Amino acid sequence: MALVNFHVVPLWRSLFRGASGPVGPKFWRTGIAFLGVYVVFDAMMEWHEFDRLGITLWSPDNGLCLVLLIESVAFAPFVLLGAVLTDIFIDGVRCSVYVTLAAELMLTIVYVSLALFLRDYLKFDIRQSRLSDVVTLLIFIPSGTVLSSSLYCGVLYLGSALSADKLFVAMGHFWIGDTLGMITVVPAVTSVFALLSKPRWRWSAYTSFSLSVFLLGTSVGFAALIGIGDRLYYLFYLLFLPIIWVAMREGYAGVALALVTVQLALAGITVFVGYDIKDFAILQLLMLVLSITGLLLGAVTTERLNAALLLREQQTELARMADFARVGAMGMELAHEISQPLSTVTTYLHAARRLLQSSVASEPVMDALIKAEAEAHRAREVLERIRDFVSNGNLDLQALDLPALAEKIAALCRQEATSRGIRIENESIRPIPVVKADRVQIEQVLNNLVANAIDAASERSDARGHVILRVAARDGAVIMQVEDNGPGVAPELAARIFDAYQTTKPRGMGLGLPLSLRIVQRHAGRLWWEPNRPEGARFVVALPIDGSSENAA
C-alpha cells in the first residue's frame with residue numbers, strides 16, 4: 001500500500017498543480033473570472049455559428065479553456081460549466097440538454113487530455129516563447145482538434161442533433177474554429193506573460209513605429225479585400241506583409257498580439273460586409289496559414305534575439321575576466337615595484353629614530369617617527385598580501401579578534417569621519433569567539449566597507465550622518481555589520497554592486513567591493529548588503545568561527 005501511495009500522491013499533485021487548492025480563494029476567483037471572459041468570447045462568435053449547434057469558425061473560448069487547463073486541470077469543472085451554460089442560455093443550441101451535456105463533457109475530456117499531454121509529457125510551458133514550444137503547439141493543437149471535432153460532432157450525430165449530410169461539414173468547421181482559437185489565444189496569453197515579466201517595459205519610438213506600419217498595412221489589406229468585389233480571396237495575402245513586419249521587429253510576443261488583432265478585425269468585418277459562412281470558412285483557412293507563418297517567424301526571431309543577447313552577455317563576461325586578469329597583473333607589478341621603496345623608507349625612519357634617541361629630542365617627534373615606521377611596515381604587509389591574493393597565494397590564517405579589529409578600524413577612520421561631519425560608533429555583543437583569518441586582508445575588507453559608509457553618509461545635507469560597526473556571534477559565525485544612513489544603494493547598481501568597475505564615485509574604480517567579496521569568499525565566508533530602514537545601507541560580513549583550513553575556491 002505504501003508503494004501505491006508513493007506514486008499516486010505525486011501524480012495527483014502533478015495533475016492539480018497551480019490550482020491553489022480546490023477551496024482556496026485564488027482558485028475560485030480564477031474560475032469565476034474565466035466564466036466571465038468565456039461568456040464574452042462565446043457571445044462574440046455567435047455571428048458565424050453553424051446550424052445553431054454551438055460550432056463556430058473561430059473559438060477563442062476553447063483556446064481560453066486550454067490555457068486554463070494547462071495551468072491546472074482542477075479547473076475542468078469550470079470549463080464544462082461554462083460550455084454547457086453558454087450552449088443553453090446564450091447560443092440556444094437546438095438539441096436536448098442531455099446531448100449538449102454529453103457533447104461538452106466529451107470535449108472537456110479531450111481538452112484535459114491535451115493539456116496534460118502538452119504540459120507533462122511534452123513539457124510545454126505557456127510562460128515561455130521557446131521555438132520548441134511553438135513547434136509543439138503548431139503540431140499537436142491541429143492534431144488534437146481533429147479528435148475533439150470528431151467526438152463532438154459524433155455525439156451530436158448520435159443524438160440526432162446533426163444529420164449525416166452535414167456531419168463532415170460540421171467537423172470541418174469545428175476543426176477550423178478550434179484550431180484557430182487555440183493557435184491565436186494560447187500565444188497571446190504567452191505574450192501577456194512575457195510583457196508582465198519585464199521589470200521596466202516602456203513604450204518606445206521603435207515600438208510605435210512598428211505599430212504604425214502594422215496598422216497601416218492591415219488597413220490597406222482589409223480595404224483591398226473588401227473594397228474590390230468578386231470575393232478575390234487571394235488579396236488576403238496582403239495581410240501577410242504587416243504580420244511578417246511585426247514578427248521580424250517585435251518577435252513572438254508582438255506577432256501573437258498582432259494575429260489576435262487581425263483575427264478580431266476579420267471576424268467583425270465579415271459580419272459587417274455580410275460574408276456568408278462559406279466565405280468566412282475560406283478566409284479562416286487563410287487565417288490559419290497566416291497564423292502558422294507569423295508564429296514560426298516570430299519564434300525564430302525571438303530565438304535569434306535571445307541568442308544574440310546571450311552572446312553579448314558572454315562577451316561581456318569574457319571582457320570582465322580579461323579586466324580582472326589585467327588588474328591582477330597590475331597588482332603584482334605594483335606590489336613588486338612599491339615594496340622595495342617602502343623597505344628603504346622603513347630603513348631611513350629606523351635610522352632617524354636611532355639618531356634622535358642619541359640626542360635630545362621632543363617626545364612628539366619620536367612618537368610620530370614610531371607611528372610612521374609602523375605604518376610603513378603595515379603598508380608593506382598590505383602590498384605583500386595583495387600580491388599573494390592576486391597570484392592566488394595562500395592565506396596567512398591566524399586567530400583574529402574581530403571586535404578588537406573593528407575598534408582599530410573605527411579609531412583609524414574616526415578623524416576622517418569627524419572632519420566630514422559623520423559620527424562613527426562601534427558596538428560589540430560579547431562574548432565573541434576568535435576566528436581563523438588573514439588579519440591584513442580582513443582589515444582591508446572592513447576598512448573598505450567603513451570608508452564606503454562614510455562616503456555615503458557624507459551625502460546627507462543635514463550633517464546628521466552616522467556610521468555604525470557591529471560585531472556579534474550568530475549560528476557558528478562571527479557577523480560584522482557596517483551600516484550608514486546615507487542615500488542607500490542606487491537601484492541601477494543593486495543587482496550588480498559586487499561586479500567589477502561598478503561605482504557612482506567620480507574618481508572610484510569600482511574594485512573595492514569585488515576584491516572584498518573575493519577575500520571573504522576565500523575565507524569560506526559571505527558578504528552581502530541589505531537596505532537599512534528607513535534609509536541607508538548595511539553591508540554584512542559573516543566569517544565561520546572554525547575558519548578554513550584551505551583556501552576557498
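Here is a short walk through a sheet, the helices against it and some of the salt bridges. The model is predicted, so local features need pLDDT of at least 70 and side-chain atom pairs count only at 80 or more, while totals for chains, interfaces and linings use all residues. Residues are numbered from 1 along each chain as its sequence is written, and side-chain values use heavy atoms, leaving out hydrogens and water.

Let's start with the open sheet, whose five strands follow the order β2-β4-β5-β7-β6 with mixed pairing. Strands here are DSSP runs of E, at least two residues long, and helices are runs of H or I, at least four, numbered from the N terminus; two strands pair if DSSP finds at least two bridges between them. At the edges sit β2 (422-428) and β6 (526-531), each pairing on one side only. β6 runs antiparallel to β7 (residues 537-544), joined by six bridges.

Helix α13 (residues 439-457) lies across β2, β4, β5, β6 and β7.

Finally, look for salt bridges (a side-chain nitrogen of Lys or Arg within 4 Å of a carboxyl oxygen of Asp or Glu); the whole structure has 12. One joins R470 and E427, with the closest N and O atoms 3.0 Å apart. Because R470 is in strand β4 and E427 in strand β2, this pair ties together parts 43 residues apart in sequence. Both residues also belong to a network of salt bridges with shared partners, together with E483, E530 and R538. Another salt bridge, 2.7 Å from N to O, brings together E535 and R460.

Terms used
Contact means heavy atoms within 4.5 Å. Axes are lines fitted to C-alpha atoms, for helices over the stretch in contact, and angles run from 0 to 180 degrees between N-to-C directions.
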